[in-house]
Amino acid sequence: MRKRSVTVRVARWSALHPGRAITGWLLFVALCLGGGIAAGMNSATSQDFRVGEAGRAEALATEGGLPLRSTEHVLIRTRSGPPDKAAAAAAAKDVTARMKALPEVASVAPPVRSADGRVLRVQVELHGSEQDDQKNVPPLQAETEKVAKAHPDLVVEETGDASVSKGVDDQRGKDLQFSEAITLPITLITLAVVFGSVLMVGVPVLLAVTSIMATMGLAMLASHLLPDTGVGMSMILLIGMAVGVDYTLFYLKREREERARAGGRLTSEALVEAAAATAGRAIVVSGLAVIVSTTALYLARDVIFDSLATGTILVVAVAVVSSVTVLPALLVKLGRRTERRAARRLSKGKPTRTYGERAHAGKGAGEKESGRVWHALLAPARKRPALTLCLSVLVLLGLALPALNMHLKNPARDSFSRDIPAMKGYDRLLDAFPELRVRHLVVVRAEASRAGDVREALTELDRTVRHDPLFAHASGTPLLRSSEDRTTTTLELNSVHPTYSKDAEVSLEHLRDDYLPKTVGKLPGVETAVTGEVPRGVDYVAHQNQKLPLVLGFLLLMTFAMTVFAFRSVVLGLLGALLNLLSVGSALGLLVLVFQGDWAQGLLSFDSLGGISSRVPLFLFVILFGLSMDYQVFVVSRIREAALNGVPTRQAVLDGIASSAKVVTSAAIVMVTVFASFVMLHILEMKQMGFVLAAAVLLDAFVIRIMILPAALLLLGRATWWPSGAIRRAEARLAQRYEAPAHAPAHASGPASAHVPGRSAEHSARQEEERRIAQGR
């Protein structure tokens, strides 16, 4: 007897002990969540975010006792016209006194009046790092509100690094709530259409939600090894609902097929075990593929991608575990409930039907129409595979062309939604003080004895850049600061151009490549570096571009290896890697087409950066390669299963895709709903991620899996399975079974085979079909 796989053995135990399995799962969820809450979240620090020269500059400044601190600006103005000088001065004095009394405040600068005299600004520097902003800024905002109430004739408002950061975080939380409010109803409706049962709808949602809860606890524990950046939880919600419902959906669909095929002759436990042997294995392989693909994010050597990878890997692993452990127990519970109801009806003399009879009777027009739809969709690949393959590939290549012109940008403060109050204040701040838009901070470290030479060289640098129109021409002395030990000196230079503009980047190039080497750089024995919002963005994009080939190469290798492992076919491995590249390329092309220009700004409510967020392409490659394996594993598993039963490859392809079409489409709808809901969020990066993932899943489900994959497999034929000989051996066994010599005695197969009690006409028809397949293979 063939040894059962681990998946089948676990499912069998769960089916035989459903109460223990369900209790064990709930205990697991509680322990994970409780353990995570007890351990707390370990958040990333400023050091974890440092990249390139900008990161080196920040390290130099911190080591010298001049750390970069968040700056808040309190603006004092009237709704129209310049404020009364005495009233504005009194309000500024009140602000200064209140802020200096706060422990969160490091320093308060003297009030500065705008060039047109309409705004008075008080600059406040906070203690702590940027990661402390969220907890440090509320006391300042509270004091600003008190000043505003004490001076009702003036408008007193606060903006700055910390205020904007807190506003973005608050908005993200509201956006996620909005996304969940949209996603859940559509998911429930989709599942109700697939299963036609409210009770069955609750199973995928219940497992997805509990999987997400358990993962959140595990993520808190994992943060003590890999610090959390705040995006991990968003990724757990995004991916958790998608794959959690996906995996449960595939398992449920297979269990229902087995139940319908059994026609009431098998117990719920046996049905669940049969489903585990096929769908269970596919879920495990699919989950492993997503996990292995996602590990590529760690190669980017970036704390944000580390956080994204950790959240994704944990939630996929937990979703797989729930699908192969507690799901069989839930299905047995539901199956026994159905059996008890049927028994009660029989005891009362009422007619009852098996699940298979109900399924057959319930097909009706809807199911028949669905079958006709998929028959029509597969017709091009079935009738003209070469033409279908060529045209489909050309269409996707056409969609991918705009990606060749993709410009990567690091979304900065200028790209944040103006629905955030602090961003409205930020716009008013820049209107009054445009020189504050961009800050380049030059950091120099040298021996204390060279401090005078360093300050003189930095003063020369300040005079030099004043002749460059890309820089702000502020009057007054250079903004120089020195450490107590005189080893570290900083100079602040400003630009009036938006942070994501080409002019801001060129101003940095001039500073790093021309002005700095000709001034401070000429001093022997000094170390220089430049940081700020623009330097951070430029260095981050360069870092991502450097890591992208490594990550992509790893993804292609892992996709190939996982496909070969799953199906023992080198041909399928190569095909899977090529299809994933095609899918990702076309999705990126659509992303560039929509977000890099400005034609869709009003339609999707965003302000174009003239480029794509630098994190999106790398994130898309990794996540989509993993999710695409979902569809590939489930579809090709059905095809291979039929082929192993002796069905010719051509028919196996058509039958396998047709039988999995509805569930794959339903899973795609759930995923697209989850991802598309992010397009309606305010944060541009989340919009782009949601759009590109939704577009990629749609293309993958309806073009790759319905047009390109079947056409390619039909053209390849038996070569699809090379070098595996399992398919050939299966066909040979089936042929030997029905090609016995004509002179064999009638009783050669044994008398029992001709007189098995209960042998049905349906079984005889199935044998005849197998004989026909064997003879016409």
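I took helices (H or I, at least four residues) and strands (E, at least two) as DSSP runs, numbered from the N terminus. This is a predicted model: local features need pLDDT of at least 70, side-chain atom pairs count only at pLDDT 80 or more, and totals for chains, interfaces and linings use all residues. Residues are numbered from 1 along each chain as its sequence is written, and side-chain values use heavy atoms, with hydrogens and water left out.

Strand entry. I found Val-122 in strand β4 (residues 120–126). Val-122 is buried, because its relative accessible area is 0% and buried means under 20%, exposed over 50%, partly exposed in between (1.4 Å probe, protein chains only). I also checked Val-122 against Glu-158, 36 residues along the chain: their C-alpha atoms are separated by 9.5 Å.

Cysteine entry. How many disulfides does a search of the whole structure find? The search finds zero, taking a disulfide as a pair of cysteine sulfur atoms within 2.5 Å. I noted Cys-32 as buried at 6% relative accessible area. Cys-390 is partly exposed at 47%.

Patch entry. I used residues with over 30% relative accessible area and no salt bridge, joining like charges within 9 Å and nonpolar side chains (Val, Leu, Ile, Met, Phe, Trp, Tyr) within 5 Å. A salt bridge here is a side-chain nitrogen of Lys or Arg within 4 Å of a carboxyl oxygen of Asp or Glu. Lys-333, Arg-337, Arg-340 and Arg-344 form a positive surface patch. Lys-333 sits in helix α11 (residues 326–347) and is partly exposed at 42% relative accessible area.

Technical notes:
Areas by Shrake-Rupley, 256 points an atom, 1.4 Å probe, with all protein chains shown as cover. Lys, Arg positive; Asp, Glu negative; His and termini not counted. Charge placed at Lys NZ, Arg CZ, Asp CG, Glu CD.
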